[in-house]
Amino acid sequence: MNLKQLSELLELSQTTISRALNGYPEVGEKTRQRVLEAARKHGYKPNSNARKLATGRAGSIGYVLPVGHNVDLDPHFVEFLSGMGEHALTREVDLSLTPAPRERETEAYRRIAASRSVDGVYLSSMRNDEQRISLVRELGIPFLAHGRALEPADGYAFLDIDNEGAFHDAARLLLQLGHQRLAFINGDTDFAFAVHRLNGVIRAMKAHGLPVSALQHHSAAMNEENGYRLAMALFRDADPATRPTGVLSASMFSTLGIVRAFNQLGMRIPDDVSIITHDDVFPFLKPESFSVPLTTTRSSIRAAGARICERLVNIISGKEAAHVQEIWPVELIVRASTGPAPAERRIVRRRPAEAAE
């Protein structure tokens, strides 16, 4: 079925049908659903070239993909992209990746703007000194940020999770369990999410009257090898009387290495050390599958990818006009990897004997 036949069937103009299929806000929701249902029923597929000419849109959203010797595509990005792709399929939108090294990133955005190869872009891995926001504004490219830059903080649309609140709650749980010496194996603090997480831990410690110096903080890319290396540095030669009793980890991948280090050092979870990690809800890496099920802060990065796609398409179509700043709360899921600090545990064990006396 072609557009003319669909128009005659529904007794709607071809313009109305085209606008309904492309998400224009001036088409009512009832009409849009009627058009979409008929298009599905009769197998109508718009011609992509004709649609581009008619609407002035490319039918694609883009991302400048960082590449280079010091850049690794980690599973977080792959999972996020899977969520985007799943939603893009439902909206008949393509995803376009433009690879560029960090030093040629500006050139890549200028090339995208000049070619009009995409209708909008999403920005991720927001940096402390974020330059891309002003650049894409200058170029007139619709955009949505995944995460918040430290500066600027206002005037742009984003989706983020409550990183500070998540790690505040995680640290508070350890402190409530009697842990006075904490370690935090964080992500790279060149990126804003890691700074927000560190701020949450520090806020919890201050609320419990502990100095920031009581926290051993390490920042690195979130992978198994860094988790192992940093955990070994923290615990291998440390005095059991002064080493951390509670560990916070920024990622399940870092935690793989941390747990490997604990096993090699003969440290038991949670008898010798408690651990809380962040879970992006990977289908292939579940906290319940560890030998000791992990207490986690949890938020699905795949769901975030789908939501970013949904909102960016709405921004491009004009359905979302305001600079909506969306922050998702993060769950704290308590499992077996957290328990009372070792000193507190020894006191509990003495009480029955003391009562007998």
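This is a predicted model: local features need pLDDT of at least 70, side-chain atom pairs count only at pLDDT 80 or more; totals for chains, interfaces and linings use all residues.
Helices H6 and H7 are roughly parallel to each other, because their packing angle of about 25° falls under 35 degrees.

| Pair | Residues | Angle | Axes apart |
|---|---|---|---|
| H6 and H7 | 105-115 and 132-139 | about 25° | 10 Å |
| H1 and H3 | 3-10 and 29-42 | about 125° | 11 Å |

H6 passes H7 in a right-handed crossing. On the H6 side you will find Glu105, Thr106, Tyr109, Arg110 and Ala113, which meet Arg132, Leu135, Val136, Glu138 and Leu139 of H7. Sorted by class, this contact holds five nonpolar, one polar and four charged residues.

Now for H1 and H3, which pack at about 125°. That angle makes H1 oblique to H3. The crossing of H1 past H3 is right-handed. H1 brings Leu6, Leu9 and Leu10 to the contact, while H3 brings Arg34, Val35, Ala38, Ala39 and His42. Here the classes are six nonpolar, one polar and one charged.

**The nonpolar cores**

The largest nonpolar core has 24 residues, and Phe235, Val247, Phe262, Val273 and Ile275 have the most contacts inside it. At least two residues of this core come from each of strand S6 (182-186), helix H10 (224-235) and helix H11 (252-265). A second, separate core has 22 residues, including Leu175, Leu198, Met205 and Val330.

In soluble globular proteins, nonpolar side chains tend to be buried together.

Technical notes:
Residues are numbered from 1 along each chain as its sequence is written. Side-chain values use heavy atoms; hydrogens and water are left out. A nonpolar core is a set of buried Ala, Val, Leu, Ile, Met, Phe, Trp, Tyr and Cys residues joined through side-chain atoms within 4.5 Å. Buried means under 20% relative accessible area, exposed over 50%, partly exposed in between (1.4 Å probe, protein chains only). Helices (H or I, at least four residues) and strands (E, at least two) are DSSP runs, numbered from the N terminus. Axes are lines fitted to C-alpha atoms, for helices over the stretch in contact, and angles run from 0 to 180 degrees between N-to-C directions. Angles under 35 degrees count as roughly parallel, over 145 as roughly antiparallel, 65 to 115 as roughly perpendicular and the rest as oblique. A crossing is left-handed if the near helix is turned anticlockwise from the far one by less than a right angle, and right-handed if clockwise. Contact means heavy atoms within 4.5 Å. Ala, Val, Leu, Ile, Met, Phe, Trp, Tyr, Cys and Pro count as nonpolar, Asp, Glu, Lys and Arg as charged, and the others, Gly among them, as polar.
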